[in-house]
Amino acid sequence: MSLTIQRLRRQLRHVGPARWQLIGGILAGVIYAATSGLGLPVLLSTTVPIFFGQEEDASPKVVAFAKSWFGDEYAGKLLILACIAVPVVFLVRGLSNFANRYLINYAGFVALENMRREVFVKLQNLPLAFYHQIGRAHV
């Protein structure tokens, strides 16, 4: 286990120049996960009972919130709000998915380029005798 952590630490130094992109990608992934697992299911489970006249099955907090914002005739206005919220949830989900993939890939490419550069410098600094001892195919 400690060997894996040591390898991870050694590789993480290559991501240093893109640390903010990596952090942003991770945060976008968290937002994507939240909107996928919570956004639509919670929206539907809290509002659908109200739309079908089963107010007793709905969350009392949602009913109280809707009544405080929209008054006693809240069902129609809550339906409009829910119809607007569904595309907004999908838009946030899609944008966070794009940002997650883009930023994580960017950080990966930066890390890979830094590793490639480090290997190239190492090969350039080796003595010429090394290349005479080792065959071309083994370098």
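## Helix α4 and its partner α2

Helices α2 and α4 run roughly antiparallel to each other, because angles over 145 degrees count as such and theirs is about 160°. This is a predicted model, so let us take the pair step by step.

**How the two helices meet.** Helix α2 covers residues 19–51, and its axis lies 8 Å from that of α4. The crossing of α2 and α4 is left-handed. Sorted by class, the residues in this contact comprise 23 nonpolar, 11 polar and one charged.

**The length of α4.** Helix α4 takes in residues 75–125.

**The buried side of α4.** Which residues of α4 are buried? They are Leu78, Ala82, Val89, Ser96, Ala107, Val110, Ala111 and Asn114. The buried residues of α4 pack against α2 and also against α3, which spans residues 60–70.

Two members of that list, Ser96 and Asn114, deserve a look side by side.

| Residue | Relative accessibility | Contacts |
|---|---|---|
| Serine 96 | 7% | Ala28, Ile31, Tyr32 and Thr35 |
| Asparagine 114 | 18% | His14 and Pro17 |

**Serine 96.** This residue sits in helix α4. Serine 96 is buried because its relative accessible area, 7%, is under the 20% cut-off. Ala28, Ile31, Tyr32 and Thr35 are in contact with serine 96, and α2 is the helix that holds residues 19–51.

**Asparagine 114.** Is asparagine 114 buried or exposed? With a relative accessibility of 18%, asparagine 114 counts as buried, because the cut-off is under 20%. Beyond its sequence neighbours within four places, asparagine 114 touches His14 and Pro17. How far is asparagine 114 from glycine 16, in sequence and in space? The two are 98 residues apart along the chain, while their C-alpha atoms are 9.5 Å apart.

Conventions: Residues are numbered from 1 along each chain as its sequence is written. This is a predicted model: local features need pLDDT of at least 70, side-chain atom pairs count only at pLDDT 80 or more; totals for chains, interfaces and linings use all residues. Side-chain values use heavy atoms; hydrogens and water are left out. Helices (H or I, at least four residues) and strands (E, at least two) are DSSP runs, numbered from the N terminus. Buried means under 20% relative accessible area, exposed over 50%, partly exposed in between (1.4 Å probe, protein chains only). Contact means heavy atoms within 4.5 Å. Axes are lines fitted to C-alpha atoms, for helices over the stretch in contact, and angles run from 0 to 180 degrees between N-to-C directions. Angles under 35 degrees count as roughly parallel, over 145 as roughly antiparallel, 65 to 115 as roughly perpendicular and the rest as oblique. A crossing is left-handed if the near helix is turned anticlockwise from the far one by less than a right angle, and right-handed if clockwise. Ala, Val, Leu, Ile, Met, Phe, Trp, Tyr, Cys and Pro count as nonpolar, Asp, Glu, Lys and Arg as charged, and the others, Gly among them, as polar.
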